Structure formats: C-alpha cells, structure tokens
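Subject: Handing over the structure

Hi,

I am passing this structure on to you, with some notes on what turned up in it. Have a look at it first, and then read on below.

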Amino acid sequence: MDSHNKQKLLEGDDEVVWAGFYALMAIVVSVLFFFQFSTGEEVGLSLSFIFLSLVILTLKRWTGAFLIMFSQASLLLMETPNSYQQTTEFGPLWVLLPLGLLLAASRYRLLQERNAIPIAKSVSKLTSIVTDVNVSATVSKNAAAAFWHTLRTGAVIFLCGTAAWFLMLFVPVGKSTVGLSSLREFSLQPSGYRLLMLGLSFFAAYLVIWIFVSWLAWRRITPSQASVFLRSVFVNYYHRDLRMFILKRMKLRKARTRTASPALPLETQTGLPGDI
Amino acid sequence: MTARSRWLVLLGICGFAIGIMLNKHTLAWLSLTTLLWIFVEWLRFYWQVWVELPQLRITRLINGQTEATRFLWAGRKVDVSVLITSANATIGGGIKIRECLPENLLVVDGSRQVSLFSRQSSVSFSYQALVRGAGEAVLPGYQVTVEDAQGFFAVDRFIADEKRFRVLPAFAAVNESQPIVKRLNSLPQHGIHRMQRAGLGSELLELREYVPGDPPKSIAWKVSARRQTLMTRQYESEVPVRVMLFVDGSISARIGGFGCRLLDQMIYVTGSVAKSAVSVGDPVGAYFFDERGTKRIAASGGDKGFYRLLEGLSDFAVNPPPPAQRLSPALMAAITRLCGERFPELLDPKVNQVPFTWTPIRPAKRRERYQRSLLAGILAEAYKLSPTQVLELIHDDNMMANYAQRFLADAGISWMDPLVQSRDRGFHDGMATMEFLSKALAESVAHARDNEVYVITANLLECATNISHLLPAVKMALARHHRVVFIVPTPTFRRPSANLQSDQPVTVESLLNQAQDLRTKELTSRLQSALHRVGARVSLSGEEEAIRMVMAETALARNGRVSQAGAR
Amino acid sequence: MMLAIREIAGWALVGLSLFLIWWGIDWVSNPADPKIVEAGVLMFAATAVLRAGILLVRVSTAARIFAKEHAGK
C-alpha cells in the first residue's frame with residue numbers, strides 16, 4: 001500500500017470516517033468511565049446519568065469543560081482527604097479517562113463542525129468500511145498502523161499525566177505544621193502554604209519557558225509586523241501629547257474650513273503644515 | 001487561545017488549588033495533567049505557527065502555466081490550481097488554506113480552499129473562476145488558519161502571493177453587419193467605404209440632369225436618349241471612415257458589482273463595435289471621459305490597434321479612487337472584515353498595541369475605539385503613515401473614511417454600498433456626464449477629419465429631459481459631416497418591453513420590472529425625439545442581441561443612408 | 001549599536017526580574033520565617049521589570065528586522 005492510501009486510511013481525506021471513529025472512541029471511554037460512578041448507590045446512579053447526559057451533550061455541542069468540571073466535582077465529593085499522595089488503583093483511570101474522553105470528543109466536534117455530518121452517518125460509514133469484504137483486507141493490514149497513530153495522539157495525555165504525577169511527588173506531604181508555626185501570624189493553613197509554594201514554582205517555570213518560546217517566536221515576525229509594532233509603541237509612548245496636539249489641530253481645521261470654501265478637497269484639509 | 005482552552009485552564013487552576021488545599025490528590029493530579037496537556041499543545045501549536053508555517057511553499061498555476069499570462073478576458077473562465085508543499089518535508093495537520101479572491105472573480109467550479117487534517121507531504125486544490133468584468137483582477141494571496149487537533153488554539157495568517165492581471169473586455173464577433181443595399185460592381189479597397197455622397201467611386205449614386213462643367217464621359221447616353229435631355233451619372237464617393245468611440249466612465253456608470261455596471265455594458269458594446277470596424281478595415285480611436293478628464297486613444301487599424309484599444313478600455317474600466325463618503329458603521333465593518341482576511345497577523349494586540357485611554361467609558365464605545373485603533377495601525381502600515389497620522393485616523397472621521405475607502409478600492413471592492421453609497425444620483429450625475437461629453441466631443445471635432453463615425457456610449461437616460469445642454473456639441477459634430485450614433489445603456493440590462501408577457505405569472509417583481517421598462521421606454525423616446533431633431537441616431541444597449549442592432553445602426557451611419565433608427 | 005545596547009539592557013532587565021522572582025520564592029519557601037507580604041511586593045515589582053525588559057527586547061528585535069528589510073531594499 002502506498003503512503004497516500006495509508007494516509008487516507010489514517011486521517012487525511014475521509015474525515016467523516018474519522019469523525020465516526022472518534023465518536024465511537026468517546027462512547028467507549030465514557031462507558032469505561034461510567035463504571036467509576038456505578039457504586040450501586042442511588043447517588044452514584046444519578047451521577048452516572050448526569051455524566052452520560054453530559055457526554056451526549058458534548059458530542060452534540062462542545063461542552064468539554066463541563067465534563068472536566070463534573071469529574072473534578074466528583075473527585076471533590078468522593079475522594080477522601082487523607083488520600084493525599086496515596087494513589088489508589090483507580091487514580092490513573094480518574095486522570096486518563098476524563099482527558100481521553102475530552103480528547104475524543106474535541107476531535108469529533110472539530111471534524112463534525114467541518115463536515116456537518118450527523119454522528120449516526122459517520123459511525124455507519126465507519127462500520128461499512130470495516131465490514132466491507134473488499135477493503136477489510138487492507139483495513140486489517142493497516143489497522144495496527146491506524147491504531148498506533150491514534151495511540152500516539154493520545155500518548156501526549158499519558159505523558160502529561162506521568163509528568164504531573166512526578167511533579168506531585170515534590171508537594172510537601174501531610175498536614176504537618178512542624179516548622180510552620182510562624183504561618184499562624186498570617187492565618188495560613190499548611191495546605192494553603194503548600195499551594196502558594198507550588199503555584200509560585202510552577203509560575204516561575206512557566207515564565208522561563210514562556211520568555212524563551214515568545215522570544216523565539218518574536219524573532220520570526222514579518223517586517224510589516226515589526227513596522228506596525230514599532231509605530232504602535234511610539235504612539236503608546238507619546239499618546240497623551242500627540243492626542244492633545246491632534247485634537248487641537250482638528251479644532252483649528254474645523255474653524256478654518258468654516259471660513260474657507262466648503263468645496264475644499266479632503267487632501268488639502270488633511271495635509272496641513274506641521275505633519276510629522 | 002480559544003474559549004475551550006480558556007475554560008479548561010481556569011478549571012485546571014481552580015481544581016489544582018482546591019485539590020492541594022483540601023488534600024485531594026487525584027483531583028490535583030487530574031487538574032495538573034489538564035494544565036500540562038494544554039501547555040504541551042500550546043508548545044506544539046507555537047512550533048507549527050512560527051517554525052513550520054513560514055516553510056510553506058505555494059505554487060499557483062493559472063490556466064496550466066506557472067508564469068502568469070498577465071491578462072484575462074472578461075466573461076471567460078479561468079482554471080486555477082494551487083500546489084502546497086513545505087521546505088520542511090511535511091505540512092502539519094490542522095491547517096486550512098484558502099485562496100483570497102477579488103470580487104471580479106467568481107468561483108463556478110471546484111473549491112478554493114483545502115483543509116489538512118493530518119500531516120502530509122503536499123496538498124493541492126483547484127477551481128474554475130469566471131471573470132466578471134473588464135478592468136483588473138488581483139489575486140492577493142492565501143488566508144491560512146492554523147488550529148490544533150483539539151481546537152484549543154487557533155490563529156489566522158495571510159501569505160501574500162500577489163498576481164495582478166489586466167482583464168480585457170469581452171466583445172461580440174458581429175461580422176454580418178453590412179446591410180445589403182445593392183450588389184457591388186467592384187470591391188472597394190479594404191478600409192474604404194462607399195459613402196452615399198457624390199464622389200468619384202465606381203458605384204452609381206443617382207442620375208441627374210446635365211450641368212455645364214460635368215465631364216462628358218459621365219453622360220448617360222441611353223437615358224439621355226430616352227428622356228430627350230442630357231443626363232449625368234453621379235457616382236458614390238469611396239472614403240476611408242474612422243470610427244471614434246466615446247465611453248462614459250462617470251460615477252453613475254461605475255456604480256454596481258463587476259460585470260453589472262453600466263460601464264461594463266458600454267465597454268462590451270464598444271468592444272464589439274471596434275471589432276466590427278476593425279474587421280472591415282476602419283481605423284478605430286476612442287475617447288474616455290469621466291470626472292478625471294478626457295483620455296484619447298488615436299485611431300489606428302488592424303489587430304494591433306484593436307488590442308491597443310482593448311487595453312485602453314481595460315485600464316479605463318479600473319475604478320478610480322471613489323468619491324468621498326461619510327464614515328459609516330457599514331464602512332467600518334467592511335474594512336474590519338477585509339483586514340481580518342488580508343492582515344490577520346496585524347490585528348494581534350501584541351503586535352498592534354492600542355494605547356490605553358479612560359474615555360470613552362461605555363463598553364460598546366470602548367470596543368469600537370479599540371477596533372478603530374487596530375484598523376488605524378493597519379492603514380498606517382498599508383499607506384506608510386506617520387504615528388501622528390495614526391492618531392489622526394483614530395480621531396478624525398473624515399480622514400478615516402477617506403483611507404478606508406481607498407483601502408477597499410485598492411483591494412478590488414466594487415463601487416457598492418458601503419464603499420459608495422448608492423443614493424439617487426441620477427440628475428446631477430447626468431448633468432456632469434453631459435458636460436464631460438461635450439468637452440470630449442469638442443476636443444474630438446478639433447482633432448477630426450471629415451466623415452468620421454462617432455459612436456457615443458454614455459449614460460444619458462437620466463438626463464433625457466435636459467439633453468439641450470449636450471445639443472450644441474452634437475450639432476457641431478454633425479455640421480462637420482460626422483455621423484453621430486448614441487448608444488445608451490439600460491439599467492435593467494435588457495431592452496424595455498412595455499407589455500407584460502401573458503404566460504408569466506403576475507408577481508411583484510414582474511410588475512416592478514414592467515414599471516422600470518415603462519420608465520426606460522419613456523425616457524428613451526424623449527431622448528430619441530430630442531436627438532433625432534438634430535440628426536443623431538439613438539439606440540439602446542443592454543443585451544447581446546442588441547449589439548447586432550447597434551452594429552447595423554453604425555453601418556448605416558457609416559454609409560450615409562437614412563433609416564428609421566431608434567429603440568427597438 | 002543602539003539596538004544592541006537596548007537588547008542587552010532588555011535581557012538584563014529580564015534577568016533581574018527572574019532573579020527577583022527567585023528571591024521572592026526564596027522568601028516564601030523559608031518555613032521558619034516566611035515573608036509572604038514582602039514576597040508579594042517583590043513579585044509585583046519583578047512583573048513590572050519583566051514587562052519593561054520584554055518590551056525592550058521586542059522593540060530592538062523588531063527594529064532590527066525592520067532595518068534589515070529596508071537595507072535589503
């Protein structure tokens with residue numbers, strides 16, 4: 001199979017098929033995630049239904065933020081405070097599944113917005129391709145490649161999750177107030193202090209990366225961007241003085257045009273002496 | 001950064017803070033992962049925008065050629081194909097590339113944009129566009145939208161790849177316009193016409209009684225014997241005839257979309273008349289007149305002369321700077337849209353910084369002022385204005401309107417609302433047209449020899465009741481033995497018919513069309529009666545079938561015969 | 001020359017601001033005697049210095065790009 005057909009199978013041309021794939025992926029991940037709530041209690045059941053309705057809503061109209069918010073709210077209510085740095089076996093699932101779902105739903109919404117194809121049609125097209133005898137050989141031959149491609153797309157989340165886990169190791173443990181006695185002067189709890197520390201550290205790290213990346217990007221601006229930037233900076237510096245000067249001149253011009261011929265051409269009106 | 005990522009960042013920060021504060025490890029982990037994910041996507045997006053995007057190589061083929069032909073024909077289709085590659089070997093996914101088209105081109109087949117969902121080595125798209133009207137067509141470049149896979153970040157960029165084309169006018173090939181008056185005894189030389197005035201040609205004009213001084217060899221002996229009196233043969237004269245075309249380019253003729261302007265109608269007729277005249281060997285010249293003055297193209301024959309004339313018509317069809325207008329919200333909206341398409345990178349507040357002011361206080365006004373400041377920055381860059389003039393643009397409505405109009409006109413926007421507000425200009429424009437035409441006629445008569453055919457295409461319907469302003473110039477031309485034919489464009493682009501066709505249903509539109517037809521017919525008859533009185537012919541242009549009639553009219557004027565001219 | 005001086009000054013200000021931020025974090029991170037209010041003031045000052053430094057760097061970079069373009073013409 002040549003690279004073009006492979007590309008087509010992966011993502012390229014038939015975006016409708018891939019929209020169906022991501023919709024299915026979102027459904028599968030949401031079913032997996034569904035079991036996280038199914039504790040058998042009434043609260044868990046109602047939470048599950050709210051979650052499912054949110055998933056359906058996200059596929060219809062992007063509300064990924066609500067999905068994350070819902071997951072966070074669930075963790076806030078369900079997680080015991082003492083589980084700090086004591087990762088349970090479901091911990092990674094609680095991190096990866098909501099974000100995997102967000103990835104699939106976002107990708108589906110993006111493709112759906114481009115092609116405006118209903119979900120049922122996308123899924124049916126995908127299934128027709130998979131079940132078609134003529135193409136199934138090709139599909140099976142390259143299914144691994146396609147699956148790998150999807151995994152690679154999702155691997156970013158996994159890597160981010162791992163990196164976050166490592167970062168969390170640096171968070172001071174427990175509620176110990178040893179050595180923090182002076183914090184009482186500020187009515188600051190140890191957890192608040194930890195947050196302050198972490199926030200500042202992350203902010204500093206982000207700042208360094210941001211400065212570097214922004215500088216690299218800024219070096220690549222076009223000459224017209226550079227020209228506009230320099231002019232706007234100049235205008236910003238002397239804005240007050242220049243504005244005063246301009247407004248005064250406009251007033252003078254108005255007075256002059258009142259006395260002069262009303263048919264004065266616009267060019268001569270704007271080209272008064274004193275143009276900088 | 002789109003609203004999606006903003007919300008997620010907000011939730012991530014809040015979740016992380018709450019997780020740390022309340023010792024909820026998984027909550028903090030989930031929130032931190034979300035933040036990191038968005039951060040990684042941001043880095044990848046930045047790489048794509050600032051490193052990969054400048055590596056794009058775009059090749060445009062016009063009618064299969066990379067070298068631009070530099071001219072197109074109005075009314076014809078042009079095939080455009082675009083190939084996009086990258087010096088970086090592959091082009092990243094999430095890119096949408098769209099060719100920006102001028103108003104003068106209309107896509108009739110294919111697509112002028114392509115979206116890349118995944119990384120590819122090259123991508124192409126092709127489309128077919130119809131060239132609407134004569135003048136100029138500028139393909140400015142491509143609008144590129146870069147978006148990450150999840151829709152967290154999106155940015156617009158413009159890749160300039162300007163190709164400027166002269167659009168030559170369309171014309172009808174009318175060859176059989178010569179009326180068959182009489183079989184020819186001898187074929188005149190190419191470019192020489194039988195003029196129905198007494199002369200030394202080979203065709204018989206009339207027989208008249210002998211007058212002392214007539215050459216004896218012209219005495220018709222047989223007829224003289226029959227009538228018992230000496231009769232003399234009078235021959236037609238054979239003369240070269242120069243066709244002088246007058247084209248009106250005043251404001252009223254230029255208002256409208258490309259291909260739908262009265263000027264386009266007139267240029268089509270003029271081109272057709274010129275083609276016909278050149279095909280019979282007549283030299284053709286032209287006078288173009290508008291508010292800017294009169295431009296003359298000296299008469300010349302042959303294909304070279306014809307193409308020179310077409311080029312002149314094409315240049316004349318390009319709209320000049322539009323008449324000054326008041327600054328309106330619609331004008332600002334139009335310029336904002338155009339800047340969003342052509343200069344998206346200059347609308348970035350990081351690049352185009354807006355000075356902070358306390359006033360205006362109302363949020364809507366503040367937004368308006370902010371937008372205007374951004375636009376002022378772009379206009380200043382486009383026209384190389386000084387920082388002082390940037391501030392003037394922000395505060396002076398007249399100056400802003402002036403530059404906004406110029407900007408829109410330079411981008412190839414047609415003279416329609418909001419660039420030129422289409423209020424009722426009829427009478428005043430008509431008076432101006434008559435004044436310009438009178439001047440052009442007087443100048444032409446001063447340059448002319450005898451026996452020229454003046455084909456005047458001008459928007460004179462609106463001033464049919466005041467045509468007396470034009471009559472002195474027309475009389476002067478006629479007095480110098482020139483033939484004068486007026487061709488008047490119709491605003492409806494069709495010849496008026498007074499009767500409502502019975503097979504069509506009576507609708508509001510049909511009744512309005514009929515009312516317009518009646519008005520046009522009434523104005524035409526007034527114009528005809530006024531101009532007939534002095535000896536000029538009047539015809540209407542408008543549809544392709546009318547060209548043939550116009551040609552017949554011109555041919556009659558050329559050979560000096562009298563016919564019942566008028567609106568058909 | 002002026003562009004180079006401006007750019008160096010900009011980077012110096014950026015460096016100074018990062019140092020101030022690090023200093024602020026250091027003040028907060030001392031559990032025995034955390035100077036939280038003082039660190040807040042320092043952070044605020046560091047942000048202002050960073051802003052000024054970034055602006056200087058940007059202006060000099062933009063000016064160099066613009067000058068290069070004009071020299072090319």
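This is a predicted model: local features need pLDDT of at least 70, side-chain atom pairs count only at pLDDT 80 or more; totals for chains, interfaces and linings use all residues.

Let me begin with chain A. Chain A holds 11 helices and 0 strands, so its pattern along the sequence reads α-α-α-α-α-α-α-α-α-α-α. Of the 276 residues in chain A, 26% are buried. If you take the contacts in chain A between residues at least 6 apart in sequence, 70% of them join residues at least 24 apart.

Next, the meeting of chains A and B. Here 74 residues of chain A are in contact with 57 residues of chain B. On the chain A side, at least two residues each come from α1 (3–10), α4 (64–78), α5 (91–115), α7 (133–169), α8 (190–218), α9 (223–237), α10 (239–259) and α11 (266–270). Which of these gives the most? That is α9(A), with 11 residues. Sorted by class, the side of chain A that touches chain B has 41 nonpolar, 23 polar and 10 charged residues.

From α9(A), the residues making the contact are A:Ser224, A:Ser227, A:Val228, A:Arg231 and A:Ser232, and from α8(B) they are B:Gly377, B:Ala380 and B:Glu381. By class, this contact has 2 nonpolar, 4 polar and 2 charged residues.

Chain A also meets chain C. That contact takes 23 residues from chain A and 21 residues from chain C. On the chain C side, α1 (2–28) and α2 (36–72) are the elements that give two or more residues, and α2(C) gives the most, with 10. The side of chain C that touches chain A divides into 16 nonpolar, 2 polar and 3 charged residues.

Now to the strands of chain B. Four of them form an open sheet in the order β1-β3-β7-β5, with antiparallel pairing. β1 (56–62) and β5 (105–110) stand at the edges with a single partner strand each, so one side of each has no neighbour in the sheet. From one strand to the next, the twist averages 30 degrees. Within this sheet, β3 (residues 77–86) and β7 (residues 122–131) of chain B pair in the antiparallel sense over 9 bridges. B:Asp79, for instance, has B:Gln128 in β7(B) as its bridge partner.

Finally, one residue to look up in chain B: B:Val488, found in strand β16 (residues 483–488). Is B:Val488 buried or exposed? It counts as buried, because it has 29 C-beta neighbours inside 10 Å, where 20 or more are required. Beyond its neighbours within four places in sequence, B:Val488 is in contact with B:Leu460, B:Leu461, B:Leu527, B:Val538, B:Leu540 and B:Ser541. The C-alpha atoms of B:Val488 and B:Met266 are separated by 7.9 Å, although the two residues are 222 apart along the chain.

Enjoy exploring it!

Note on methods. Residues are numbered from 1 along each chain as its sequence is written. Chains are lettered from A and ligands numbered from 1 in the order in which they are written. Two residues are in contact if their C-beta atoms, placed from the backbone, lie within 7 Å. Helices (H or I, at least four residues) and strands (E, at least two) are DSSP runs, numbered from the N terminus. Ala, Val, Leu, Ile, Met, Phe, Trp, Tyr, Cys and Pro count as nonpolar, Asp, Glu, Lys and Arg as charged, and the others, Gly among them, as polar. Two strands pair if DSSP finds at least two bridges between them. Axes are lines fitted to C-alpha atoms, for helices over the stretch in contact, and angles run from 0 to 180 degrees between N-to-C directions. A residue is buried if 20 or more other C-beta atoms lie within 10 Å of its own, exposed if 12 or fewer, and partly exposed in between; C-beta atoms are placed from the backbone.
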